[in-house]
Amino acid sequence: MTPLEKLRAGWNLLNGSTLAGLGLAAAARCSLARGPKGLILAHGYRPRLPKAPAFTVGNVVLLRRTASGSADNPLLLAHESRHSTQYALCLGLPFLPLYACAALWSVWRTGDPASRNFFERHAGLRAGGYIERTVRRGPGRRRDPATPVF
């Protein structure tokens, strides 16, 4: 682990987000393993929400059963590692309502919770398995001048 990864792991432990992730992993009866970059991999997450094959709480990456091979995917783990850094920068659990607001913004703009989500974009959309959707037209949005009006 690099010094910055150690700092992030320590800060996420102190701010309670990693403890919350471990609690969620225990409640979901996940098995734990050490991962790269100071991450803790929690295998076997079964609850329906969130729908993603993997998600992060503090330094804990929760992986679904259906996400076989995800723990060996360096792009996905790098994406989740960036989310771990986002938890640290947001001082821990305040990340969750901030992420929810960003997801709602993205849904309003594109119909998809990730495409215009600040946190997903900065973690890397493709690395997280997301497809970038185009911004939809709607009330208050300007029409593309190249689109003819009939």
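Visitor: In what order do the elements run from the N terminus on?

Guide: The order is α-α-β-β-β-β-α-α-α. That makes five helices and four strands. Helices (H or I, at least four residues) and strands (E, at least two) are DSSP runs, numbered from the N terminus. This is a predicted model, in which local features need pLDDT of at least 70 and side-chain atom pairs pLDDT 80 or more, while totals for chains, interfaces and linings use all residues. Residues are numbered from 1 along each chain as its sequence is written, and side-chain values use heavy atoms, without hydrogens and water.

Visitor: Why is Trp11 called partly exposed?

Guide: Buried means under 20% relative accessible area, exposed over 50%, and partly exposed in between (1.4 Å probe, protein chains only). Trp11 has 36% relative accessibility, so Trp11 counts as partly exposed. Trp11 is in helix α1, residues 3–14.

Visitor: Why does Asn73 count as partly exposed?

Guide: Its relative accessibility is 31%, so Asn73 counts as partly exposed. Asn73 sits in the loop between β4 (60–64) and α3 (74–89). A polar atom of the Asn73 side chain lies 3.0 Å from the backbone nitrogen of Leu75.

Visitor: How do you know that Glu120 has no salt bridge?

Guide: The nearest side chain of opposite charge, Arg82, is 8.7 Å away. The salt-bridge limit is 4 Å. Glu120 is also buried, and belongs to helix α5, residues 118–123.

Visitor: What makes polar contacts with the side chain of Glu120?

Guide: The side chain of His79 does, at 2.9 Å. The side chain of Tyr99 does too, at 2.6 Å. A polar contact is a pair of N or O atoms within 3.5 Å; within protein, one must be able to donate a hydrogen and the other to accept it, and residues adjacent in sequence count only if both atoms are side-chain atoms.

Terms used: Lys and Arg count as positive and Asp and Glu as negative; His and the chain ends are not counted.
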